[in-house]
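Subject: Structure handover, aromatic pairs

Hello,

I am passing this structure on to you, with a short account of what was found in it. Please look through the sequence and the model before reading the notes below.

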Amino acid sequence: MGSKYIGVCPDTVARLETQAAGRYRSAKEADKAVKTALHQITGAFMTPDELKRARRLLAGSDAEPEQALRETLRLHASTRERLPNIGAFYEALLGPLNARVVLDLACGLNPLYLGSIGYAVRGVDISGGCVSLINDWAAARGWDVSAECRDLLCDPPLPEADAALAMKLLPVLEQQQKGAAMKLLERIPAPVVAVTFPLKTLGGRSVGMESHYSDWFEAEARAGFDILRRETLFGELCYIVRRRAG
Ligand SMILES: C[S@@+](CC[C@H](N)C(=O)[O-])C[C@H]1O[C@@H](n2cnc3c(N)ncnc32)[C@H](O)[C@@H]1O
């Protein structure tokens with residue numbers, strides 16, 4: 001495995017290697033398949049160079065912390081897309097939930113923004129680079145924010161929270177293992193979950209994603225969840241759902 005994926009959760013690499021070993025005859029083909037999968041599920045959102053730039057921003061962040069934070073959030077594709085309206089986005093999505101502690105699943109760099117506006121956050125992601133950046137940034141600012149490098153497909157223990165976030169996550173999980181998205185939602189230890197979907201590809205194309213994701217998610221959620229809210233916020237399809245008792 002090349003140095004590009006050194007920071008990825010070892011469980012994820014092992015899981016993908018086992019899958020590839022069963023599918024490809026040569027070790028070279030299997031290795032290539034693992035690298036492609038790792039790029040699709042994590043590397044495409046934040047590259048090693050972007051992580052290095054984020055580290056430099058953190059190191060110099062004492063002078064202008066807000067500016068450094070904004071520049072850092074620009075280095076992960078998912079927070080970059082939200083950045084122009086990030087305050088209004090979170091006010092609309094999370095404000096009505098009155099949560100103090102938020103569990104952020106496959107968090108990317110989200111916990112940095114949430115920590116800056118006063119939330120306590122417990123993040124999980126397979127990107128060790130994002131996770132250590134979050135922990136170091138939170139320590140430097142004294143925020144109640146921490147993250148763990150864990151693979152959500154390996155059933156890690158999840159801390160209890162007032163609300164959970166599964167933002168732009170479910171399609172990435174389904175791509176890795178069919179059925180994994182709803183399996184995860186069913187075991188989240190929080191009374192409400194904010195689930196969001198991108199409405200554009202990473203390349204910026206809109207290709208009928210709103211109807212595709214809403215048809216899929218609403219059909220999947222119907223049996224076990226109440227959909228408390230559904231809205232499109234600044235180009236992101238958002239749901240607030242609650243697991244039905246029983
Ligand atoms: C589209 S990004 C979303 C990031 C963040 N939720 C947001 O909306 O800003 C998907 C994230 O999922 C993480 N990821 C992918 N597969 C994962 C898995 N099996 N377990 C935990 N995290 C995963 C990636 O590293 C990446 O940070």
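Tyr239 has a relative accessibility of 1% and counts as buried, because that value is under 20%. Please keep in mind that this is a predicted model.

The notes concern aromatic rings.

Tyr90 and Tyr113 make a stacked pair, with 5.5 Å from centre to centre and 25° between the planes. Tyr90 belongs to helix H6 (residues 86-94) and Tyr113 to helix H7 (residues 110-116). The two residues are 23 residues apart, and their pair links distant parts of the chain. Tyr90 is buried at 2% relative accessibility, and Tyr113 is buried at 13%.

The other pair is Phe217 with Tyr239. Its rings are tilted, with an angle of 55° between the planes and a distance of 4.8 Å centre to centre. Here a helix and a strand are joined: Phe217 is in helix H11 (residues 209-221), while Tyr239 is in strand S7 (residues 236-243). This pair also links distant parts of the chain, its members being 22 residues apart. Phe217 has a relative accessible area of 0%, so this residue is buried.

Regards

Key. Residues numbered from 1 in each chain as written. Predicted model: local features only at pLDDT ≥ 70, side-chain atom pairs only at ≥ 80, totals over all residues. Heavy atoms only, no water. Phe/Tyr/Trp six-rings, centres within 6.5 Å; stacked < 30°, edge-to-face > 60°. Helix = DSSP H or I, 4+ residues; strand = E, 2+ residues; numbered from the N terminus. Buried < 20%, exposed > 50% of the residue type's maximum accessible area, 1.4 Å probe, protein only.
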